[in-house]
Amino acid sequence: EEMGRLSNDAFLAGLDKHFANVRSAGSLFITFKRYVATPGKFGVPKSDQSEPMCLVRAKLGSKAISTLVMEKDVTRFQGSLGTMMKGNMDSLKQVEKKKKERKAKTAAV
Amino acid sequence: VGRDKGRGGREQLQGREGGMVYVGNLESFVEAGQQLFISSPGKTRYLVKYRHVDSKLVLKVTDDKVCLKYKTDEQSDLKRIDRLNAFFLRLMCAHTVNSETAAAIAALIEEEDQMQVVPTASSQHSGKKGKRK
């Protein structure tokens with residue numbers, strides 16, 4: 001199956017794979033944009049959905065996936081996405097509170 | 001308000017004059033990013049770039065005229081970023097985008113965030129914080 005427009009769940013599964021692969025190399029891009037379906041070329045509406053949706057894209061190297069999130073699914077999607085990001089972005093540094101205060105003090109001097 | 005070109009091209013005023021700008025403070029970036037989206041909901045996009053090998057996370061909000069960026073390598077920023085994701089996801093699906101709907105969504109996210117905080121023995125139901133104007 002071609003990479004591209006997926007269901008919300010398929011997208012999340014694909015994103016999980018991207019997170020696994022980015023550990024060894026590369027940059028993972030996640031983009032969010034408002035998507036409002038516009039009428040097709042001859043004025044015929046493309047689909048039944050005329051409500052605004054959020055287009056979410058994820059790209060690692062040449063592998064690009066995307067999905068459209070509708071308002072009714074946003075809570076669930078956002079929850080899954082948040083868990084996935086917080087769980088996978090673990091190469092970011094934990095700065096201890098003590099160190100941070102010391103940093104702030106030296107910066108203020 | 002001049003174009004202070006003497007300081008080297010990149011260090012321009014935040015946003016308005018075009019050009020890439022890194023915002024030093026996450027909260028300021030969030031504020032500016034949200035405002036930018038509200039002002040051009042059709043053109044603005046929000047991007048997250050993660051490089052595991054370099055421990056770098058870069059955020060970008062742009063409407064192709066103004067570009068705001070923020071970079072970090074700290075875990076502690078993730079919590080705020082998660083809330084920003086929630087904000088954009090929700091507002092991007094919303095029927096109308098304006099300051100009112102944005103404020104409503106921000107309040108909703110704030111509320112959900114409060115609910116996740118483990119209540120301490122003496123905590124009152126958001127009594128201390130109250131309604132800040």
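Two strands pair if DSSP finds at least two bridges between them. Keep that rule in mind as you look at this predicted model, where S2(A) and strand S2 (residues 45-51) of chain B pair in the antiparallel sense over six bridges.

**Where the chains meet**

- On the chain A side, 39 residues are in contact with 35 residues of chain B.
- Phe32(A), Arg34(A) and Leu92(A) together supply 21% of the area that chain A buries against chain B, more than any other three residues.
- Between them, the two chains bury about 3400 Å², and carbon and sulfur atoms account for 60% of that area.
- Within the strand pairing, Thr31(A) has Leu47(B), in S2(B), as its bridge partner.

**Polar and charged links**

- There are 16 residue pairs in polar contact across the interface of chain A and chain B, with both residues at pLDDT 80 or more.
- Five elements of chain A give two or more residues to the side that touches chain B: helix H1 (8-22), strand S2 (28-35), strand S3 (53-60), helix H2 (74-88) and helix H3 (97-108).
- H2(A) gives the most to this side, with nine residues.
- By residue type, the side of chain A that touches chain B divides into 20 nonpolar, ten polar and nine charged residues.
- The count of salt bridges between chain A and chain B is two.
- In one salt bridge, the side chain of Lys86(A) meets that of Asp82(B), at 3.4 Å from N to O.

**Chain B as a whole**

- Chain B has three helices and four strands, and along the sequence they follow the pattern β-α-β-β-β-α-α.
- Of the 133 residues in chain B, 44% are buried.
- Among the contacts in chain B with a separation of 6 or more, 49% are between residues 24 or more positions apart.

**A buried leucine to find in the view**

- Leu57(B) lies in strand S3 of chain B.
- Leu57(B) has a relative accessible area of 0%, so it counts as buried, the cut-off being under 20%.
- Leaving aside neighbours within four places in sequence, Leu57(B) is in contact with residues of both chains, including Met89(A) and Leu92(A) from chain A and Val48(B), Tyr50(B), Leu78(B) and Ile81(B) from chain B.
- Leu92(A), one of these contacts of Leu57(B), is also one of the three residues named above for the area that chain A buries against chain B.
- Lys71(B) is another contact of Leu57(B); the two are 14 residues apart in sequence and 5.6 Å apart in space, C-alpha to C-alpha.

**Two residues with positive phi**

- Most residues other than glycine have a negative phi, which is the background for the next two entries.
- Ser55(B) has a positive phi, near 55 degrees, and its place is in the loop between S2 and strand S3 (56-62) of chain B.
- Because its relative accessible area is 13%, Ser55(B) is classed as buried.
- Asp64(B) also has a positive phi, near 70 degrees, and lies in the loop between S3 and strand S4 (67-72) of chain B.
- Asp64(B) has a relative accessible area of 53%, so it is classed as exposed, the cut-off being over 50%.

Methods:
Residues are numbered from 1 along each chain as its sequence is written. Chains are lettered from A and ligands numbered from 1 in the order in which they are written. Side-chain values use heavy atoms; hydrogens and water are left out. Contact means heavy atoms within 4.5 Å. Buried area is the accessible area (1.4 Å probe) that two parts lose on being put together, summed over both. A salt bridge is a side-chain nitrogen of Lys or Arg within 4 Å of a carboxyl oxygen of Asp or Glu. A polar contact is a pair of N or O atoms within 3.5 Å; within protein, one must be able to donate a hydrogen and the other to accept it, and residues adjacent in sequence count only if both atoms are side-chain atoms. Ala, Val, Leu, Ile, Met, Phe, Trp, Tyr, Cys and Pro count as nonpolar, Asp, Glu, Lys and Arg as charged, and the others, Gly among them, as polar. Buried means under 20% relative accessible area, exposed over 50%, partly exposed in between (1.4 Å probe, protein chains only).
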